[in-house]
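Please read it alongside the structure shown below.

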2 protein chains.
Amino acid sequence: MILSTPEDLTVRISELSRASGLPVATIKYYIREDLLHAGRATAPNQADYDESHLRRLRLVRVMLELGELSVASARAVVAALGDDELPLHSLLGIAHHALGPDIKEDAPSDDVRRARADVDDYLERLGWRVSAGAPSRRALAGALVALRRLGRDADPAVFAPYARAADYLAPLELATIPPDLPRSDAIERVIVGTVVFEAALVALRRLAQEHHSARAGNSVT
Amino acid sequence: MILSTPEDLTVRISELSRASGLPVATIKYYIREDLLHAGRATAPNQADYDESHLRRLRLVRVMLELGELSVASARAVVAALGDDELPLHSLLGIAHHALGPDIKEDAPSDDVRRARADVDDYLERLGWRVSAGAPSRRALAGALVALRRLGRDADPAVFAPYARAADYLAPLELATIPPDLPRSDAIERVIVGTVVFEAALVALRRLAQEHHSARAGNSVT
């Protein structure tokens with residue numbers, strides 16, 4: 001119980017500010033931007049807030065600060081949270097889409113188009129079932145284009161070790177969402193998993209590189 | 001041979017622009033910002049450029065566009081490239097530092113300090129040798145703080161699967177830099193490896209999640 005009150009008790013905005021560590025002005029801004037549901041009005045200029053507001057504030061903060069989402073992208077995720085009809089799997093897609101690179105579509109150059117087709121083939125060879133519009137397909141194609149523009153004759157198979165690592169992680173990650181978890185908790189885990197553990201993975205990869213490079217004794221100078 | 005000329009031949013800035021796909025104004029901007037070495041002056045307002053300029057332009061583009069480095073951070077990497085005394089292992093640290101999150105240091109809160117100490121302990125338990133100032137230590141601590149602020153009683157051991165994946169990848173990644181590779185090529189691989197394959201790993205993790213989530217048949221709704 002984070003607010004130290006039973007579920008049915010409520011607090012004023014000043015107390016919500018203290019509990020969340022966010023200024024009152026920021027909380028009001030989030031409400032105006034549809035990132036946070038309004039409190040229950042108790043008087044013309046007064047409202048009460050409960051545990052659900054505190055949870056949402058923490059989630060919004062993770063999206064904006066750690067995930068570096070735009071307000072518009074975070075709003076899209078929040079809107080999806082409110083849709084009880086949406087299966088969790090679809091919400092995963094929406095979270096990925098909001099987090100995904102915002103790739104302009106006007107006129108992809110020939111090498112970008114070729115790289116996208118190569119990535120599509122590669123994912124099919126892996127036997128991975130992913131939606132045709134997944135932004136991560138484009139992000140992966142972007143990495144392939146970068147390699148080729150740097151003069152490397154890169155085949156998507158160059159990504160094989162990373163695909164193996166991802167294939168090892170994904171089932172473990174999904175297993176942290178037990179089927180009997182309440183929907184709101186499950187949804188939070190999906191978003192936290194995407195944002196927080198991605199940051200952790202990136203950090204650990206660099207730390208491991210430094211460790212193994214040190215072990216190799218700086219042999220390349 | 002990317003410019004289709006022998007190494008000792010040179011080209012004007014207009015041809016460098018065509019070969020790199022970058023506007024002349026951008027190339028001049030990079031020179032002013034010390035991201036690109038000047039051409040060899042052939043007349044008061046004219047200079048010749050060679051293969052080294054084209055290679056550097058491609059690298060700068062990867063850093064700024066895919067790596068989303070600031071100009072100042074990219075300049076730090078470029079300055080390190082010019083230092084022939086620097087061992088490759090140090091350059092890995094400099095590239096990571098430039099790419100790392102720019103975490104403010106004025107007054108870390110208690111929970112941030114605690115998370116940093118916990119991450120330091122965790123890395124020691126793993127037996128990883130990484131410099132005390134590595135920005136990735138702080139990035140990992142940031143992920144731990146986020147989990148705890150979301151109300152999870154998180155121990156750094158929650159990162160174990162990611163550490164295993166990183167430990168699997170790092171030796172494979174370092175092996176792509178053979179000891180007899182010319183230094184300039186080795187350096188390029190370090191930076192490309194950090195930026196491009198990180199983007200690929202992040203994309204593949206999300207694709208693998210979508211695949212395994214689809215296989216699980218959206219059981220959580």
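1. Basis of the note. The model is predicted: local features need pLDDT of at least 70, side-chain atom pairs count only at pLDDT 80 or more, and totals for chains, interfaces and linings use all residues. Residues are numbered from 1 along each chain as its sequence is written, chains are lettered from A and ligands numbered from 1 in the order in which they are written, and side-chain values use heavy atoms, with hydrogens and water left out. Helices (H or I, at least four residues) and strands (E, at least two) are DSSP runs, numbered from the N terminus.

2. Helix H7 of chain B. H7(B) has 15 residues and reaches 21 Å from its first C-alpha to its last, close to the 21 Å expected at 1.5 Å a residue; the expected span is 1.5 Å times one less than the number of residues. Of its 15 residues, 11 are buried, so H7(B) is largely enclosed by the rest of the structure. Buried denotes under 20% relative accessible area, exposed over 50%, and partly exposed the range in between (1.4 Å probe, protein chains only). Among the buried residues of H7(B) are B:Pro135, B:Ser136, B:Arg137, B:Leu140, B:Leu144 and B:Leu147.

3. Packing of H6 on H7 in chain B. The axes of H6(B) (residues 110–126) and H7(B) (residues 135–149) come within 8 Å and cross at roughly 120°. Axes here are lines fitted to C-alpha atoms, for helices over the stretch in contact, and angles run from 0 to 180 degrees between N-to-C directions. H6(B) and H7(B) are therefore oblique to each other; angles under 35 degrees count as roughly parallel, over 145 as roughly antiparallel, 65 to 115 as roughly perpendicular and the rest as oblique. The crossing of H6(B) and H7(B) is right-handed, a term applied when the near helix is turned clockwise from the far one by less than a right angle, anticlockwise being left-handed.

4. Residues of that contact. By class, the contact of H6(B) with H7(B) comprises eight nonpolar, no polar and nine charged residues. Ala, Val, Leu, Ile, Met, Phe, Trp, Tyr, Cys and Pro count as nonpolar, Asp, Glu, Lys and Arg as charged, and the others, Gly among them, as polar.

5. Packing of H1 on H3 in chain A. Helix H1 (residues 13–20) and helix H3 (residues 51–66) of chain A pack at an angle of about 45°, with their axes 10 Å apart. That makes H1(A) oblique to H3(A), and their crossing is right-handed. A:Leu16, A:Ala19 and A:Ser20 in H1(A) meet A:His53, A:Leu54, A:Leu57, A:Arg58 and A:Arg61 in H3(A). This contact of H1(A) with H3(A) has four nonpolar, two polar and two charged residues.

6. Packing of H1 on H3 in chain B. For H1(B) (residues 13–20) and H3(B) (residues 51–66), the packing angle is about 45° and the axes are 10 Å apart. H1(B) and H3(B) are therefore oblique to each other, with a right-handed crossing. B:Leu16, B:Ala19 and B:Ser20 meet residues of H3(B) including B:His53 and B:Arg61.

7. Most residues other than glycine have a negative phi. A:Asp34 has a positive phi of about 60° although it is not a glycine, and lies in the loop between helix H2 (24–32) and strand S1 (40–43) of chain A. A:Asp34 counts as exposed, at 51% relative accessibility. In chain B, phi of B:Asp34 is positive, near 60°, and B:Asp34 is exposed with a relative accessible area of 52%.

8. Is B:Glu173 buried or exposed? At 10% relative accessibility, B:Glu173 counts as buried. B:Glu173 lies in helix H8 (residues 160–174) of chain B and touches A:Tyr162, A:Arg205, A:Gln209 and B:Phe197, not counting residues up to four places away in sequence. In helix H6 (residues 110–126) of chain A, A:Arg116 is also buried, with a relative accessible area of 16%.

Key:
Contact = heavy atoms within 4.5 Å.
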